[in-house]
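Please look through the structure below together with its sequence.

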Amino acid sequence: MYDEKLFAQRIEQLRLEKNVSLPSLSLFFYIYDYFQISPKDFFDIDQNNFYYTGELIKEIQKLTGPQAQHLLAVIKDINRSS
């Protein structure tokens with residue numbers, strides 16, 4: 001899902017470029033676990049509902065095939081009307 005070495009290098013690069021202290025890598029992973037999100041979700045500035053993403057996925061995984069298909073159709077309908 002993510003490359004810890006690449007992620008750590010990017011954090012260090014940002015620290016040096018911005019001359020600021022950023023949270024440690026372990027703190028980031030704690031945040032991901034707490035919110036049940038991926039690093040991609042955390043850094044995606046266009047996503048405004050990342051807090052619910054992990055919870056939604058966990059609940060969707062409990063559905064049967066037909067239930068998941070129904071839910072997908074409902075979500076697509078809601079997104080079309082938005």
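What follows is a short walk through a predicted model.

Begin with helix α1, which covers residues 4-18. This helix has 15 residues, and its first and last C-alpha atoms are 21 Å apart, close to the 21 Å expected at 1.5 Å a residue. Just after α1 comes N19, which takes a positive phi of about 55°.

The largest nonpolar core is made of 6 residues, namely F7, I11, F28, F29, Y32 and I37. Two elements, α1 (4-18) and α2 (25-35), each give two or more residues to this core. The largest share, 3 residues, comes from α2. In soluble globular proteins, nonpolar side chains tend to be buried together.

P39 belongs to helix α3, which covers residues 39-43. P39 counts as buried because its relative accessible area is 9%, under the 20% cut-off.

Now consider the surface. Y52, L56, I60 and L63 form a nonpolar patch there, and together they have about 360 Å² of accessible area. Y52 lies in helix α4, residues 50-60. Is Y52 buried, exposed or partly exposed? Its relative accessibility is 49%, so Y52 counts as partly exposed; the exposed class requires over 50%. An α-helix has 3.6 residues a turn, so residues three or four places apart point the same way.

Notes:
Residues numbered from 1 in each chain as written. Predicted model: local features only at pLDDT ≥ 70, side-chain atom pairs only at ≥ 80, totals over all residues. Heavy atoms only, no water. Helix = DSSP H or I, 4+ residues; strand = E, 2+ residues; numbered from the N terminus. Buried < 20%, exposed > 50% of the residue type's maximum accessible area, 1.4 Å probe, protein only. Patch = residues over 30% accessible without salt bridge, like charges linked within 9 Å, V, L, I, M, F, W, Y side chains within 5 Å. Areas by Shrake-Rupley, 256 points an atom, 1.4 Å probe, with all protein chains shown as cover. Salt bridge = Lys/Arg side-chain N within 4 Å of Asp/Glu carboxyl O. Core = buried A, V, L, I, M, F, W, Y, C linked by side-chain atoms within 4.5 Å. Expected span 1.5 Å × (residues − 1).
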